[in-house]
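I opened the notebook to record what I looked up, one topic at a time.

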Amino acid sequence: MEQIFKGIGASRGLVAARAFVYKLESYVPAQAQVEQPDLEVERFQTAIRQAQAELEQIRDITERRLGSDKAEIFEGHLMILEDPDLIDVIIEKVKEESVNAEYALYVTSRSFIDMLSQMDDEYLRERAADVRDVCNRIMNNLRGKQQADLSAISEECIVIAEDLTPSDTAKLNLDYVKGFVTEIGSRTSHSAIMARSLGIPAIVGAGAELSRIETGTMIVMDATEGVLRANPSTEELIEFGEKKIRYDQRQAEFAKWVNRSSVSSDGHSVELAANIGKLEDVQKALDNGAEAIGLFRTEFLYMGRSKLPTEDEQFNSYKYVLEKMNGKPVVIRTLDIGGDKELPYLNLPKESNPFLGQRALRFCLDRPDIFRTQLRALLRASRYGNLKIMFPMIAVLSELHAAKQLLEEEKRKLEAEGVELAERIEVGMMIEVPSAAISADLFAKEVDFFSIGTNDLIQYTMAADRMNETVSYLYQPCHPSILRLIRMVIEAGRKEGKWVGMCGEMAGDETAIPLLLGLGLHEFSMSASSILPARELIGHLSRKEWSSLADEAMALKTQEEIIAFVRNHKQGGQNA
Amino acid sequence: MISKTFTIINPTGFHVRPTKAFVQAASGYPCKISVINKGKKVNGKSSLSMLTLGIASQDEVTLEIDGEREAEAMEHLGKLLTQIHE
């Protein structure tokens, strides 16, 4: 009978194979008295030395296979073997209480595993798995048992387990193991991280129900969706097979685009950037071939806490991102609070129309104390990379002037304090209020760049709340009114020699991209996972051709007509 | 015995890498080194115990050092606590 399980897609891919159920024996040693505690300590130390030799070997193999940063997990394991609060405590327990080493190891390690698995920090919770892994290894050595070993697998399979330890994953034979699924774990578990670097599909956190699957059961897993089916019907197997072929072909295509530049078929270069909202997103952006960070939302620094972030705290986060991007442009947007994003600790008065109220820069200009702190942190971080500062929600010139003046004042103060700043920091603004789009020519003289925030621009142009389902039909990125505004902004930038980017959903939309390329958009900033498909698409489009096609499209009356027009010509162009 | 409080500024808190650097440095000193965060006190020479402190960015962490070369250890370890780790 078919069964469906859902978990977290930890490493993308589709695979069909038979299940190999991997069970760790959970061994609870009995407490026993020993006659000669000294000999027992000796026995324990031999087990430790053996574990050390094994771990050094695994570390070296992993280093050769996956590089030194992945091998570091095992450096951590080796350190656990030397930890005084674990090892010395066990030895003392054996000596003082004359108990067997197995029992002393069990109770001492248990207390660490329990403590770590109750931590608030997900990353630290995962460290409990390290302790479990190392202590299992010592325990097996004490008992003279072979470590349960996945390297013995010699038939194609999907490994099903409660959890996989780092030692388990290091030993997977990828000629046979086509993917794995675990009952517990999260996207940041060792097993998940390993799966991504090994490049095999994996689903984690699929739940205890998973233990119902037996070795030999046919499994199809879609790790991109995090869905797994046991005992699928023949029709489903065929359907899955076709889906897999399409998926694998697409992936192979995309992978080729990671290190390429973003150029249209007729040689016009654009920039494909990533939108990020937290520090961990930077790596994902790089992995997906981002040429820049086009939007770094700084709200995460302010939200989910009880007080404002300090200047140093902000400085460290900005510096981290700038350094990690290693000279590639990083557009950091100043605080965009208000609307649907609240900061309870500021006790701001309720507004009846928050999206039309004191949001973003409007709030920052009202609270220069908060704003200045952020500007100082940004300026101080500027020398660690290619920083560009962006102000959100500007409607009229006086707001831009006020923001630039505060920035200038903080800059002068820092210079007077002798702080080293980047020689040049570009300052730009988001275009998301229709008034700014319509008067973009007035703004273009006073900024270094524009970035069009389409989500808000559409909501404000259509006067339709994007949270309100009943008016969602008005969310029309390709409506002539929106395209006209976008064209005005790009034109205004071009006349003054300023670059224009876009950081809303629309920038990664496969229907909008040909039009935006044709209109002359320079930077497309989107979620990391959209970058490679976008780069591939742009590589197949001719800038020159789409320049005239965009003009034709904009003569049409409705979004439906425009979308149909683009789809029609996109396919024609790709087949030619 | 000497004691001093430091603010953690590493944006990702004090995970494995910084902990490792700290513990390795601490283990090189003969004196007793205790680390206190949010009222919990542990042995600064044990990485497992250090991890159970769950040190996050902006936490105020106190070092209590007692014994030979305590002043030197305080300076060295204080630097490691307040540094940015890659």
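**Aromatic residues**

I looked for rings that gather together, and I found that A:Phe296, A:Phe300 and A:Tyr318 form one aromatic cluster. I note here that the model is a predicted one.

I looked at the pair of A:Phe315 and A:Tyr384, whose ring centres are 6.0 Å apart and whose planes stand at 70°, so I wrote the pair down as edge-to-face. This pair links distant parts of the chain, since A:Phe315 sits in helix 10 (residues 311–325) of chain A and A:Tyr384 in the loop between helix 12 (368–381) and strand 12 (386–391) of chain A, 69 residues apart.

A:Phe315 has a relative accessible area of 10%, so I count A:Phe315 as buried, whereas A:Tyr384, at 24% relative accessibility, counts as partly exposed.

**Charges over rings**

I came back to A:Phe315 and saw that A:Arg380 lies over the face of this ring, at 4.3 Å from the ring centre. In another place, A:Arg260 lies over the face of A:Trp257, at 4.5 Å from the ring centre.

**The barrel**

I followed the strands next, and eight of them in chain A close into a barrel in the order 9-10-11-12-13-14-15-16, with parallel pairing. From one strand to the next, the twist averages 25°. Helix 12 of chain A packs on the sheet, where it touches strand 11 (329–333) and strand 12 of chain A, and its direction makes about 160° with that of strand 12 of chain A.

I took one pairing for a closer look: strand 15 (residues 499–502) and strand 16 (residues 523–526) of chain A pair in the parallel sense over two bridges. The bridge partner of A:Met502 in strand 16 of chain A is A:Phe524.

**Annotated positions**

In UniProt, I found that an unreviewed entry gives the annotation "binding site" to A:Glu432 and A:Asp456. They span 25 residues in sequence, yet no two of their C-alpha atoms are more than 5.4 Å apart, so they gather at one spot.

Is A:Glu432 buried or exposed? I read a relative accessibility of 2%, so A:Glu432 counts as buried. I located A:Glu432 in the loop between strand 13 (426–431) and helix 14 (434–438) of chain A. Leaving aside neighbours within four places in sequence, I listed contacts of A:Glu432 that include A:Asp456, A:Leu457 and A:Tyr460.

Terms used: Residues numbered from 1 in each chain as written. Chains lettered and ligands numbered in written order. Predicted model: local features only at pLDDT ≥ 70, side-chain atom pairs only at ≥ 80, totals over all residues. Heavy atoms only, no water. Phe/Tyr/Trp six-rings, centres within 6.5 Å; stacked < 30°, edge-to-face > 60°. Helix = DSSP H or I, 4+ residues; strand = E, 2+ residues; numbered from the N terminus. Buried < 20%, exposed > 50% of the residue type's maximum accessible area, 1.4 Å probe, protein only. Lys NZ or Arg CZ within 6 Å of the ring centre and 35° of its normal. Pairing = 2+ DSSP bridges. Axes fitted to C-alpha atoms, helices over the stretch in contact; angles between N-to-C directions. Contact = heavy atoms within 4.5 Å. UniProt positions renumbered as here; feature names shortened; annotations may be inferred.
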